[in-house]
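Hi everyone, thanks for coming.

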Amino acid sequence: MGTRFSIVHDFDCDPATYWDIFWDEAFNADQYARMRCGRTVLAQHDQADRRVRDQEIRPQRDVPAILRKLIPQGALKYVEHGVWKQPAGPLEVDIKVPAAGARFAMTAFYSVTDLAARGCRREFAGECTIRIPLVAGMAEKTVIDSMRETYETAAKVHREWIARRKPSV
């Protein structure tokens, strides 16, 4: 059993605007650059009621010491398989770290809820499981803490893109 997490941010837009920006490739290029991550879309296609996207993410930072038994320095990357139920979500995400094999697993749901006149709320919630004897819990906490920092940057970028779409008064 892994460590459960929930990362929540509120935004000043409706859910449709949030998702429209989320899927915009220019937004993704800006967001991942500002999160200091390389990104390659491996596949993306729409089906009748869903969008499927596989992407490789390469964080441009050192592997934390506690994770070096699992991921060698210089091998930090993960593959995200996402299935989004169109048009309003949720986005179901399965993350694999190739260097870690079966010793790392993360599954999550990315949902956006309408808050009526107050905008919308994005929640990324799931479970991170790392199989390293004696330090699994600490390793999972390290991954989740890093993810929280990254999501703060992502929320800032998303808010900037939302503000650009608002009409000037």
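Let's begin with a term: a charge sits over a ring if NZ of Lys or CZ of Arg is within 6 Å of the ring centre and within 35 degrees of the ring normal. Here, Arg159 lies over the face of Phe11, 4.9 Å from the ring centre. Arg51 has its charged end over the ring of Trp23, at 4.8 Å from the centre.

A quick word on the model: it's predicted, so local features need pLDDT of at least 70 and side-chain atom pairs count only at pLDDT 80 or more, while totals for chains, interfaces and linings use all residues. Numbering runs from 1 along each chain as its sequence is written, and side-chain values use heavy atoms, with hydrogens and water left out.

Okay, ring pairs. Rings of Phe, Tyr and Trp (its six-membered ring) pair if their centres lie within 6.5 Å; planes under 30 degrees apart are stacked, over 60 edge-to-face, and the rest tilted. How many aromatic pairs does a search of the whole structure find? It finds 14. Take Tyr18 and Trp19: they're edge-to-face, 5.9 Å centre to centre with 85° between the planes. Both are buried, meaning under 20% relative accessible area, where exposed is over 50% and partly exposed is in between (1.4 Å probe, protein chains only).

Next, Phe27 and Trp161 have ring centres 5.7 Å apart and planes at 80°, so that pair is edge-to-face. Phe27 is buried at a relative accessible area of 0%, and Trp161 is buried at 14%.

Finally, ring pairs link a cluster whose members include Phe11, Tyr18, Trp19 and Trp23.
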